Amino acid sequence: MFKSNLMRQLKMSLQTFSTVRKVAVTLDANSGATIHPLFTYTPFTLSGYRIINENLALTNLTAIAYIYSLPTAVFPVFDLTESDSQQLLTALNLEWKSTRIQLDALIQTGVGQTYQRIVSYSLTNPDPYPYKQFTLDNQLLSKDCMLGLQIRNVGYGLLQNSASGNDVVTVYADLTTTITIEETVDNASVIANNITTTAATIVNSNVNRKGLTILNNSTQTIYIDTAPTVSSTSFSIALAAGDYYEAPAPMYTGSYYAVVASGSTAINIREYS
């Protein structure tokens, strides 16, 4: 009995590919305390294919902040006698105890779900530099997840427009979408046939063929080949009574020929396109 290799068929019919694009969002005085998604998610679609899986990954997440509305935070000068831990503590105090605005990154784990804060960043007006640039954590997302950004008032207000300049924070990243798709079929046809001791075509060629199944529901052994010279002694497929054949991938789109050792019969053939 001929049996199709199901795992091989599945492996051949599934296709996985990735796309990469830049995404960005800018927050300013008009953003308020609203949560702003980093990008707009549009589900992938492709005619003739079913989406099996779609994963999103945010990498190279970077934020650039121009803060003019706050007093300047002067970068500290460290004494040579200070230890690394003392210098780190001074830097942290500058970040988190200065006059500041807070940028929160939040994750939404499903459409309509509440955003959950996952990390916070301190936005100050650095001196002597005109802006502050820092790296955010990379994020792995499913198709229903989203990274949101929100300005939080921690006692010094939100982003503002001032005489010194307008506060602006831009966050950008590389969005990699990895998609697994499976080709689908729209049509299934019953192929009428009559198999005799004389080799004849049982399935005509079809360039649009995506699948072919043959069930020998007769009581005789059927001999099948892609060559018109098929016989009971020269064949590629022999289907005994009750046997089943499924065309493997890559799909052969040419004709099939068949004979039976004696008499005549018909079998069940389905073609998918």
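## Leu58 and the cores

Leu58 touches Val23, Leu38, Phe39, Asn138, Gln139, Leu141, Leu147, Ala173, Asp174 and Leu175, leaving aside residues up to four places away in sequence. The model is predicted. Leu58 is also one of the residues with the most contacts inside the largest nonpolar core, which has 33 residues. Leu38, Phe39, Leu103, Leu123, Leu149 and Val171 share that standing. Elements giving two or more residues to this core are β1 (14-27), β3 (49-66), β5 (101-108), β6 (116-123), β10 (146-152) and β13 (168-183).

## Second largest pocket

The second largest pocket holds about 190 Å³ of space. Two or more lining residues come from each of β4 (72-74), α2 (84-97) and β7 (125-127). The lining divides into 7 nonpolar, 1 polar and 3 charged residues. Among them are Phe75, Leu94, Glu95, Thr124, Asp127 and Lys132.

## Backbone exceptions

Most residues other than glycine have a negative phi, and most peptide bonds are trans. Asn60, in strand β3, has a positive phi near 55 degrees. Asn60 counts as partly exposed because its relative accessibility is 46%, between the 20% and 50% cut-offs.

Asp127 lines the second largest pocket and is joined to Pro128 by a cis peptide bond, with omega about 15 degrees. Pro128 sits in the loop between β7 and β8 (132-135). A cis bond also runs from Ala249 to Pro250, with omega near 0 degrees. Pro250 is in the loop between β19 (244-246) and β20 (256-260).

Conventions:
Residues numbered from 1 in each chain as written. Predicted model: local features only at pLDDT ≥ 70, side-chain atom pairs only at ≥ 80, totals over all residues. Heavy atoms only, no water. 1 Å grid on protein atoms, 1.4 Å probe; cavity = no way out; pocket = protein on both sides within 12 Å on 5 of 7 lines; lining within 4 Å. Points joined across faces, edges and corners; volume = space filled by probe spheres on them. Helix = DSSP H or I, 4+ residues; strand = E, 2+ residues; numbered from the N terminus. Nonpolar A, V, L, I, M, F, W, Y, C, P; charged D, E, K, R; others polar. Core = buried A, V, L, I, M, F, W, Y, C linked by side-chain atoms within 4.5 Å. Buried < 20%, exposed > 50% of the residue type's maximum accessible area, 1.4 Å probe, protein only. Contact = heavy atoms within 4.5 Å.
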